[in-house]
Structures are given as structure tokens and as C-alpha cells.
Amino acid sequence: MRLTEAAPGARILAFGGYQPAKVVTNDDLAVSVDTTDEWIRSRVGIASRRIAGPDETVADMAVAAGGKALAASGLAASDIDLVIVATCTAEAPIPNVAASVATRLGIVAPGAYDLNAACAGFCYALGTASDAVRVGSSRHVLVIGAEKLSQWVDWTDRSTCIIFADGAGAAVVGPSDGDTGPGIGPVVWGSDGTMADKIFIKDRNSFIIQEGQAVFRWATTALHPVAKKACERAGIDPTELAAFVPHQANLRIIEAIARRLGAPQARVADDIVHAGNTSSASIPLALSRMIERGEIGSGDAVLLLGFGAGISYAAQVIKVP
Amino acid sequence: MAMTQEEILSGLGEIIDEVAGVPADQVTPDKSFVDDLDIDSLSMVEIAVAAQDKFGVEIPDDQLKNLKTVQDVIDYVRGAGVSA
């Protein structure tokens, strides 16, 4: 046996992001829930978030972001042979979101699966996409993180309704050539099932519940070694990073991890300020906007770190397309 | 080896400067975290974790609400350091 279609590495060709139209500010929330703009900004870092329309689905948002990434990549729909949708908020258990998204984007008969690793979903999906391209199972992968957390939130619960929001982000992954080297580093992933009860939705008729303080303590202590290991495995020193893009869970968590990273020069993503916590969409959405604004440029090394319910986590270094 | 009031205060000053940006010389025993130093419950978690690393004393989340002043934390660390 030989791997006849193997590639020397994988890289990201393009990103795309989508936010629903409806803006919900902290003041909007303060009308019906006991909270203030000042409290939310200081504890969580959010100024405004986007909420999907009542009939707007996870698939709709995935198609929007995926379509943008595909267009930006310069590839045709027929070039994509694998679609992965990272999501934990799909409306129905079957069929998966990925197969329908592929059809709607004109991608014919790709491999298609959904991946549920909650807020670590995009990093997990990106890792599996990269591996598929390297070994030759796939040539070009459309990786999407898409979430409609708003349909799982108790809008009278001020501990969650101020945090969670909707959106989608996507990346097109393809082979890198032997000269430029890989553009996606190996994933460092892990989990802690002893903390399964810290962030959960009990069943399809229930709301999301999280123990904020316990999650904060865990995230600010357990993750910086994972982040550093992802750099090490990619042969990158943290001081070489142009940016650090962790899951946009809470600005205080982001800042606490960044402080322990040993990368004072790296730009730290704060997309949460105008996006809220969009679970697996948060990282690709942040990246697509940072690129649009010119905050990171082609060839820059960026560290991604997803973490969330499970507890699941995954980190890898990427090169900006 | 038991730590002194001064050693713990000094160590705490460094931690609070790093976590909350409050200059170490403003960290005196009588100061209240919330009222005087403008330190909220999330920063208290970070301070507790850093104190654990520095002093080897675990401060669980459910104890944090009882630690209202700098002296409260010093007493906690010294109290926990006494061997059974």
C-alpha cells in the first residue's frame, strides 16, 4: 500500500465570516434582565452581539460563511471534496448540516459530516481537515463553524443570555507545496470529562447552563500549557506569533491566558466585543474579520485555541493565507 | 516553613500588580479588594490561583467570598500553613 495522493502539508486558502443582521446591545438586554452595560463590558467584554432571525438556521449561516470562504479561495465548488461543519446547536440530529450545506453551495457529492466539540469544534475540524489533505483522503476541504446558541439560551437567565450569540465562520483548506512548507500545524487536543457538568444543555427541551467561576478558573490555568505545546509542535516559538486567536468565550479569560503565553508581541483577538460568544464560530469569524481589517497579513503565524463544553480543547498554529 | 506577614504581603503585592494592574505599594493589609482596589470576583479567582502557585496554599472558589481584605488573604495563607 502507498499513499498515492498524499500532500507535503496542508494550508488555509481563505476565510469567510457571517454575522446575522440583528444587533442586540447590552442596553437592549438590560431592559428585560437585571444587568447593566458597564457590568457586562467589565466582566465579559461584550458591547453588542448578533442574534439570528427566528427562521434563520445553523445551515443558513453555515452556507453564508462557507460561500464567502469558497469565493475568496478562487476555487470552484467542484474542487471541494469534503465539508465539515463544527456545530453543537443544530436544530435536528439528522440529517447532518454538512450534507445540506454542500448541496446548497453547489458542491457535488463531497464527504460531509458535522463535528461536535462545542467551542473547540473549529480547531478540531480544522485538524481533521488538515490531516485528510496530508494523507490524501481529501484535496480541498470546506471547514465551517456555525452556531445558533440563541435558540438554546434562557433569555431570563442573566448569567447566560448576556454571553451567547449567533454566527458562522469558514475556512477552505488545501494542500501546501514542498517549498513553502505547511500552513497548518499539528493539533494539540484533549479533554476533561470530570468537568462535564460545568457547561451543558440537558436535552433538546432545555437551556444552556454553565458554572462560570469554575470554567474561568480552569480556563485561566489549564490552557496556556496547551497553547505553548501547540507552538512547540509546529516548531514556532511564541515570540514569533503575529496573533493569538482563542475561542471568544469571555474577554477576561482571553486576557488571562494571553498574559501567560509568553507572546507579548502577539495581537490578541477581541472579536467578542461585537460578536458575543458564538462557540465554534468564534475563531474563524474573528480570523476573517482580522484579515479584512488588515490586522494580520499573509504568511503571519497565528495561534488558535478552542475550548469549551466537554470539557474539550484543541490548539494549533496556522499561517494566514 | 511558615511565612511571615511581610513575606506574604509582598508576594500578594506582586500578584495583584500582575493580575489587576494595581501597583504593589498600594497593596496594604487594610485594603478591601472590591471597595479600595477595584478588584472583582473574576480577578479574585486569578489571585487565588497565583497565590496557590506562590505560597502552596489552595484557596477554593467557595472560600473567596470570605476574603474581603488583603489581611484576610494573609491570615488564610498563614492559617493554612500551620501544620496539623
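This is a predicted model: local features need pLDDT of at least 70, side-chain atom pairs count only at pLDDT 80 or more; totals for chains, interfaces and linings use all residues.
Start with the interface: select the 6 residues of chain B that are in contact with 9 residues of chain A, a contact being two residues whose C-beta atoms, placed from the backbone, lie within 7 Å.

Residues are numbered from 1 along each chain as its sequence is written, and chains are lettered from A and ligands numbered from 1 in the order in which they are written.

**Chain B helix**

Select residues 5-20 of chain B, helix α1. Helices (H or I, at least four residues) and strands (E, at least two) are DSSP runs, numbered from the N terminus. The 16 residues of α1(B) should span 22 Å at 1.5 Å a residue, and the end C-alpha atoms are 21 Å apart, which agrees; the expected span is 1.5 Å times one less than the number of residues. Now colour B:I8, B:L12, B:I15, B:I16 and B:V19, the buried residues of α1(B). They lie on the same side of the helix because they cover an arc of only 100° around the axis, taken from the directions from the helix axis to the C-beta atoms. Buried means 20 or more other C-beta atoms within 10 Å of a residue's own, exposed 12 or fewer, and partly exposed in between, with C-beta atoms placed from the backbone. Just after α1(B), B:G21 has a positive phi of about 70°.

**Chain A domains**

Colour chain A by domain: domain 1 is 9-176 and domain 2 is 188-319, with bounds from an automatic or database domain assignment. Their C-alpha centres lie 15 Å apart. The contact takes 46 residues from domain 1 and 42 residues from domain 2. On the domain 1 side, elements giving two or more residues include β1 (9-18), α5 (121-135) and β7 (166-176).

Next, select A:A62 and A:L303, the residues with the most contacts inside the largest nonpolar core, which has 140 residues. Such a core is a set of buried Ala, Val, Leu, Ile, Met, Phe, Trp, Tyr and Cys residues joined through C-beta atoms within 7 Å. Among the residues that A:L303 touches are A:A227, A:F244 and A:V317.

**Helix α3 and strand β4**

A:A62 is one of the buried residues of α3(A). β1, β4 (82-86), α4 (97-104), β6 and β7 of chain A are among what covers the buried residues of α3(A). The residue after α3(A) is A:G74, with a positive phi near 80°.

Move to A:V83 in strand β4 of chain A. A:V83 is buried, with 29 other C-beta atoms within 10 Å. Residues touching A:V83 include A:A98, A:V101 and A:L142.

**Backbone stops**

- A:I94 and A:P95 are joined by a cis peptide bond, omega about -5°; A:P95 is in the loop between β4 and α4 of chain A.
- A:A109, not a glycine, has a positive phi of about 55°. A:A109 counts as exposed, with 10 C-beta neighbours inside 10 Å.
- A:S279, not a glycine, has a positive phi of about 50°. A:S279 is buried, with 34 other C-beta atoms within 10 Å.

Methods: Lists of a residue's contacts leave out its neighbours within four places in sequence.
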